[in-house]
Amino acid sequence: MEDEEETQVLQVLKALKQASQQLQTNPSEFDSSSSAIKALLEVDSEFGSDPNLSNLSHHISDLKTLISSLQKSKLKHGTIKSFLTRQVKTHKITRVAESIELEIQAWIDRESITNLTMQIRSLESSSSSYEEEVVEKLGLFHDRLSQGFNINLQDLLLKSNIFSELEFLLCNSNVSQIVREKAGYALKEVVLFNKDVFVGQVLMGEMIKALVSMGSLCSLEVLTSLIKAIRSPLVDVIESVHGVSKLITYLNSGDLAIRVMAMDCVLEIGYFGRKEAVEAMLNCGLIKKLVELQRSELGGDLIDLGKAHHNIEEQDVEKKRGYGEKRYLERHPFASCVARFAVQLEVGEGLRQREKRGFKQEILKNIREACDTDAEAATIVAEVLWGSSP
């Protein structure tokens, strides 16, 4: 099929999917004169030649029979038998409509992924004239994956080898950054769609190195999401490609959004990172950088929040204090960032207890070395000790 014909078919099938949903909602009182319902009942004649739609044609044939039978049963009134017959046929119509919806969605998914793969490959051998189309299709693909797991869709993802195609696009410096970023978002959704299936490709491929090197808000956001999903093994990969030091440099970015996202990424590494990753961060002067950020206008400290609530029950104090911290952090994203990092190490799952104790002492030492005054050092040290578990 040509692109225009494929687009028309997709539009028709989406309308048919909507009609099948209408039947499921109220199968006993559907509008047989509806153009969508009429189109649904005629779809087997329209697409019967497509082998991928053979099951759909069979389901629609069954639907026609059931609808005809239901309409005839409505002519008979007053008997229990006719009432029960209508109930049974209504239930069957709902089930068949569900099957039709699944078949239509599977066809839409198959065509969409095939088209996306072809467009990606076209970028490898032609000009950037296809980039706008690829960006649009990547957005639709991302939205489809975000709807949740579907076994048929998973089979399509594996058969199409879409992960490798998207990874190549992400790593291709010859295409625009917006295309690479959209590819990164799509890859993240592929991983989250079924982490157990795709995590191996993440850990063994070039995806993480490319995300670290890009250093955009999008790439850092994707990286942070992947750290949360894959945890310590993902941090190990970041450390192995020397990505830890690169991420810390983004804390110096002139773009505030990038600095904030880099901070989030650092905190996640602190929580999930093993000894080597934490050592790499500290050796890159992370604590000194965090002290500078905390000292800035967007910094500050959280240690005194909530102390004004003297005559309130303890539970209410905690609630108000938590709300106050959230509001304060929205305006001061680097407030108490040293203590927040230290707490991530303390409560995280990447380090042994002995390693946690050792790193805490090293952090306290680095704080004293990085602070300009004893008062500043005392405040930050107090926050670290106050925020950590006993």
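**Close-up 1. Packing of helix α16 against helix α20.** Helix α16 (residues 275-283) and helix α20 (residues 353-370) pack with their axes 12 Å apart and at an angle of about 5°, which makes α16 roughly parallel to α20 (angles under 35 degrees). The model is predicted, with local features requiring pLDDT of at least 70 and side-chain atom pairs counted only at pLDDT 80 or more, while totals for chains, interfaces and linings use all residues. Residues are numbered from 1 along each chain as its sequence is written, and side-chain values use heavy atoms, without hydrogens and water. From α16, Lys 275, Val 278, Glu 279 and Leu 282 meet Glu 355, Phe 359, Glu 362, Ile 363 and Asn 366 of α20 (heavy atoms within 4.5 Å). This contact comprises four nonpolar, one polar and four charged residues.

**Close-up 2. Packing of helix α8 against helix α11.** The axes of α8 (residues 162-171) and α11 (residues 207-214) lie 9 Å apart at an angle of about 30°, so α8 is roughly parallel to α11. Phe 163, Glu 167, Leu 170 and Cys 171 in α8 meet Met 207, Ala 210, Leu 211 and Met 214 in α11. Seven of the contact residues are nonpolar, none is polar and one is charged.

**Close-up 3. Lining of the second largest pocket.** Of the 11 residues that line the second largest pocket, Leu 302, Glu 325, Ala 339, Arg 340 and Trp 386 lie nearest its centre. Helices α18 (314-331), α19 (337-347) and α21 (374-387) each contribute at least two lining residues. By class, the lining holds five nonpolar, two polar and four charged residues. On a 1 Å grid over the protein atoms alone, a pocket is an open set of points where a 1.4 Å probe fits, with protein on both sides within 12 Å along at least five of seven lines; lining residues have an atom within 4 Å of a point.

Note on methods
Axes are lines fitted to C-alpha atoms, for helices over the stretch in contact, and angles run from 0 to 180 degrees between N-to-C directions. Helices (H or I, at least four residues) and strands (E, at least two) are DSSP runs, numbered from the N terminus. Angles under 35 degrees count as roughly parallel, over 145 as roughly antiparallel, 65 to 115 as roughly perpendicular and the rest as oblique. Ala, Val, Leu, Ile, Met, Phe, Trp, Tyr, Cys and Pro count as nonpolar, Asp, Glu, Lys and Arg as charged, and the others, Gly among them, as polar.
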